[in-house]
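Student: I am new to this one. Could we look at the terms and test each against its cut-off?
Tutor: Gladly. Here it is.

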Amino acid sequence: MQFDAIEPGVYPELIYPPYKSTVKRGPTQAPLRVRDETATGTNLFASPKLILPHDMDLTKQGKGEPLGEKIVVTGRVLDEDGKPVRNSLLEVWQCNAAGRYFHKKDQHDAPLDPNFTGFGKMLTDDNGRYRFVSIKPGPYPWGNHHKAWRPAHIHFSLFGNVYAQRLVTQMYFPNDPLFAYDPIFQSIPDEAARQRLISRFSLEETVDDKMLGYEFDIVLRGRNATPMGI
C-alpha cells in the first residue's frame with residue numbers, strides 16, 4: 001500500500017499529545033517499510049457468504065426495535081482516480097443512541113440497549129457503493145481530559161484485495177458542536193481533510209418518514225483521500 005500517495009496533513013500524527021494515549025503507545029522511531037510477498041501478494045476474496053442476515057441492518061439484530069433515531073448511511077469507496085473499489089469488505093461498529101458500546105469494557109453511566117449491538121458488515125457493489133441501516137450514535141465521555149466527550153461517530157474498517165490492506169476511519173455527523181474539543185478529530189492537521197470525515201445529510205437517501213439519510217464517500221488515496229488510522 002503506497003502511503004506516500006497521500007497528501008501531507010491527511011493522516012494524523014502517530015503521537016499527538018492532546019490525544020493522551022498516543023504519547024504512551026505511539027512509536028518513537030521512524031517506521032520501516034516491510035516487504036512481505038505473502039502479505040502483499042495473497043488474494044483476499046470477500047465472499048457474499050460472509051454477509052449474514054441483518055448485517056446491513058443493525059436495527060434488525062435484536063428481538064425488537066432499538067431505541068434512537070433511525071438512519072440510513074450510504075456512499076462509495078473510490079480510488080485516487082475516482083474509480084469504484086468493487087467487492088470490498090466493510091465493517092462498521094458504533095455505540096448506541098445513549099452513547100454506550102455493547103462491550104464489557106464500556107462501563108460508563110449510560111444504558112445498554114439489548115436490541116442493538118452496533119456491529120455490521122457489507123460488500124461494495126460494482127459501483128463501489130455500500131448501504132446500511134442503523135441508529136444515530138450518541139456522544140460519550142472518554143476520560144482523555146476534563147469534560148472530554150467524543151462527537152457522535154461510526155467506525156469503518158475497509159479490507160482490500162490482499163491481507164496487508166486494511167484501513168480504519170471514522171464518520172462524523174454534520175454540525176456537531178464537539179468537533180472543536182475532540183483531540184482525535186483535531187489530530188488531523190489539514191482542515192479540508194477533517195471535513196472529509198463529516199457525512200452529508202441527504203434528503204434523496206432519506207426514506208419517507210422512517211429514517212434520515214447520510215452520505216459518506218471514502219477515497220483511499222490521492223489528493224482527496226479520506227483520513228485513516230483514527
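Student: Which backbone oxygen lies 2.7 Å from a polar atom of the side chain of Gln 94?
Tutor: The backbone oxygen of Ile 135. Before going on, note that this is a predicted model, where local features need pLDDT of at least 70, side-chain atom pairs count only at pLDDT 80 or more, and totals for chains, interfaces and linings use all residues. Residues are numbered from 1 along each chain as its sequence is written, and side-chain values use heavy atoms, with hydrogens and water left out.

Student: What makes the pair of Gln 94 and Ser 134 a polar contact?
Tutor: A polar contact is a pair of N or O atoms within 3.5 Å; within protein, one must be able to donate a hydrogen and the other to accept it, and residues adjacent in sequence count only if both atoms are side-chain atoms. The side chains of Gln 94 and Ser 134 make such a contact at 2.6 Å.

Student: Why is Gln 94 called buried?
Tutor: Buried means under 20% relative accessible area, exposed means over 50%, and partly exposed is in between (1.4 Å probe, protein chains only). Gln 94 has 2% relative accessibility, so Gln 94 counts as buried.

Student: Where is the place of Gln 94?
Tutor: In the loop between strand 2 (89–93) and strand 3 (119–123). Helices (H or I, at least four residues) and strands (E, at least two) are DSSP runs, numbered from the N terminus.

Student: Which residues is Gln 94 in contact with, leaving aside its neighbours within four places in sequence?
Tutor: Contact means heavy atoms within 4.5 Å. Among the partners of Gln 94 are Leu 58, Tyr 101, Phe 116, His 153 and Ile 154.

Student: Ile 154 is in the largest nonpolar core. What makes a set of residues a nonpolar core?
Tutor: The members are buried Ala, Val, Leu, Ile, Met, Phe, Trp, Tyr and Cys residues, joined through side-chain atoms within 4.5 Å. The largest such core has 23 residues, and Val 73, Tyr 130, Phe 132, Ile 154 and Phe 156 touch the most other members. Strand 1 (70–78), strand 2, strand 4 (129–135), strand 7 (153–159) and strand 8 (166–172) each supply at least two residues of this core. Apart from it lies another core of 13 residues, including Tyr 19 and Phe 179.

Student: How do you know that Lys 121 and Asp 55 form a salt bridge?
Tutor: A salt bridge needs a side-chain nitrogen of Lys or Arg within 4 Å of a carboxyl oxygen of Asp or Glu. For Lys 121 and Asp 55, the closest N and O atoms are 2.7 Å apart. The pair qualifies as a salt bridge.

Student: Why does this pair tie together parts that are 66 residues apart in sequence?
Tutor: Because Lys 121 lies in strand 3, while Asp 55 lies in the loop between helix 2 (37–41) and strand 1.

Student: Are these two buried or exposed?
Tutor: Lys 121 has 14% relative accessibility, so Lys 121 counts as buried. Asp 55 is at 8%, so Asp 55 counts as buried.

Student: How many salt bridges does a search of the whole structure find?
Tutor: Eight. One of these pairs is Arg 194 with Glu 191, at 2.4 Å from N to O. Both residues lie in helix 4 (residues 191–195), three residues apart, about one turn of the helix.

Student: Why is Arg 194 called buried, and Glu 191 partly exposed?
Tutor: Arg 194 has a relative accessible area of 10%, so Arg 194 is buried. Glu 191 has 39%, so Glu 191 is partly exposed.

Student: Which residues are linked with Arg 200 in a network of salt bridges?
Tutor: Glu 215 and Asp 217. The side chains of Arg 200 and Asp 217 meet at 3.4 Å, N to O. Arg 200 is in strand 9, and Asp 217 is in the loop between strand 10 and strand 11 (218–219), 17 residues away.

Student: Why is Lys 147 called exposed?
Tutor: Its relative accessible area is 67%, so Lys 147 is exposed. Lys 147 lies in the loop between strand 5 (140–141) and strand 6 (149–150).

Student: What is the phi of Lys 147?
Tutor: Near 60°, a positive value in a residue other than glycine. Most residues other than glycine have a negative phi.
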